[in-house]
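The sequence and the structure come first.

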Amino acid sequence: FFRPLDMINTVIEMYPKGLAGFERYRKFLETEPDIADRPGAGVVDRLKGDIVYRDVAFDYGTGRRVLSGLNLAVKAGETVALVGPSGAGKTTICSLLPRFYEVSEGSISIDGMDIRDMTMKSLRSNIGIVQQDVFLFAGTIRENIAYGRLDASENEILEAARRARLESVIAALPSGLDTVIGERGVKLSGGQKQRLAIARIFLKNPPILILDEATSALDTETERAIQQSLSDLSEGRTTLVIAHRLATIANADRILVVEDGRIVEEGNHAVLVASDGRYRQLHAAQSGA
Ligand code: ATP
């Protein structure tokens with residue numbers, strides 16, 4: 001008698017929590033009190049993904065320039081890795097693209113249009129972000145994958161899960177896609193959370209991708225599998241990678257070395273390793289050479 005009653009109780013408790021978690025996440029992504037759409041900002045459809053930063057300068061309002069005179073052009077479909085010491089400005093460069101912050105000087109355009117002339121919502125619908133800390137809300141795996149595409153069909157969700165190599169994880173769970181995760185549900189491992197985040201982006205299918213590579217250690221095999229999924233994900237999309245590992249850097253079409261908010265070197269791995277500059281030093285330090 002008590003067990004079913006207890007279960008009903010748990011479900012009743014869990015349901016609003018799941019919704020509340022979902023709401024919080026939606027609000028977190030949508031609330032941007034300081035940055036609003038310009039009057040006359042236009043809705044953009046699917047962009048191609050040609051990105052140009054022109055003479056960009058930025059400070060966080062502290063009076064200290066974090067970026068200055070930054071020029072960067074990324075062609076549609078290209079993968080560019082940003083490397084450089086901690087605090088160099090890699091994350092800042094990427095957060096200006098979805099307009100988490102506004103440039104202080106200069107401009108950023110996509111397909112020739114200033115991103116300030118696009119509505120925030122339509123701009124962001126073109127950008128997928130995979131971050132180190134995956135935000136999951138209390139709810140089912142299905143809801144967590146379909147966040148951002150609530151109209152997705154069962155098949156689309158399963159296909160996204162397959163492409164993110166999450167299929168076997170889901171198959172092993174008690175209720176498959178309907179398994180509840182989070183505090184009161186099944187706890188996912190770091191690698192599984194990363195895959196879920198990747199599945200989300202496969203489903204969203206944006207032309208532009210920002211990958212903030214995880215610095216926290218996953219075991220080598222998981223790391224390799226995730227790396228492979230990320231490389232599948234970036235296929236055919238303009239990708240900016242905040243890179244910490246040599247593996248990702250080697251896959252990039254182009255590497256930019258960022259220091260003190262400026263791009264100090266640029267080229268592919270072979271070219272940069274052959275020249276006696278900062279990249280070679282960073283590479284030597286990382287590979288233990
Ligand atoms: P890491 O490799 O450690 O992630 P990074 O190259 O991504 O570093 P950023 O995070 O872009 O560097 O930081 C660039 C500079 O901006 C640093 O000096 C940092 O302290 C500062 N900074 C970053 N975020 C903020 C913020 N929200 N407010 C004020 N200063 C900030």
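Two strands are taken as paired if DSSP finds at least two bridges between them. The model described here is predicted. In strand β4, the bridge partner of Ala57 is Glu105, and this pair belongs to the contact between β1 and β4 (residues 105-110), which runs in the antiparallel sense over 5 bridges.

**The open sheet**

β1 and β4 are part of an open sheet of 4 strands in the order β2-β1-β4-β5, with antiparallel pairing. The edges are formed by β2 (65-74) and β5 (113-114), each of which pairs on one side only. Strand β1 (residues 51-59) is joined to β2 in the antiparallel sense by 6 bridges. Along this pairing, Tyr53 faces Leu72 in β2, and Ile51 stands opposite Val74 in β2. β1 and β2 make a hairpin with 5 residues between them. In the turn of that hairpin, Gly61 has a positive phi of about 90°.

Most residues other than glycine have a negative phi. Asp55 is found in strand β1, whereas Asn205 is placed in the loop between α7 and β9 (208-212). Are these residues buried or exposed? Asp55 counts as exposed because it has 12 C-beta neighbours inside 10 Å, and the cut-off for an exposed residue is 12 or fewer. Asn205 has 14 other C-beta atoms within 10 Å and is therefore partly exposed.

**Core and overall make-up**

The chain has 11 helices and 12 strands. Of its 289 residues, 34% are buried. Among contacts with a separation of 6 or more, 74% are between residues 24 or more positions apart.

The largest nonpolar core holds 70 residues. Those with the most contacts inside this core are Ala81, Leu82, Ile145, Ile198, Ala199 and Ile255. Helix α7 (residues 190-204) gives the core its largest share, 7 residues. Which residues does Ile255 touch, leaving aside its neighbours within four places in sequence? Ile255 is in contact with Ala81, Val83, Ile249, Gly267, Asn268, His269, Leu272 and Tyr279. One of these partners, Ala81, is also listed among the core residues with the most contacts.

**The ligand shell**

The residues around the ligand are Tyr60, Thr62, Val66, Gly84, Ser86, Gly87, Ala88, Gly89, Lys90, Thr91 and Thr92. By type, this shell divides into 3 nonpolar, 7 polar and 1 charged. Helix α2 (residues 90-95) supplies the largest share of the shell, 3 residues. Val66, one of the shell residues, falls within the range of edge strand β2 (65-74).

**Confidence**

The average pLDDT of the chain is 86, and 86% of the residues score at least 70. For the complex, the predictor gives an ipTM of 0.97 and a pTM of 0.85.

Note on methods. Residues numbered from 1 in each chain as written. Predicted model: local features only at pLDDT ≥ 70, side-chain atom pairs only at ≥ 80, totals over all residues. Core = buried A, V, L, I, M, F, W, Y, C linked by C-beta atoms within 7 Å. Buried ≥ 20, exposed ≤ 12 C-beta atoms within 10 Å, placed from the backbone. Helix = DSSP H or I, 4+ residues; strand = E, 2+ residues; numbered from the N terminus. Contact = placed C-beta atoms within 7 Å. Near = placed C-beta within 6 Å. Nonpolar A, V, L, I, M, F, W, Y, C, P; charged D, E, K, R; others polar. pLDDT = per-residue confidence, 0-100.
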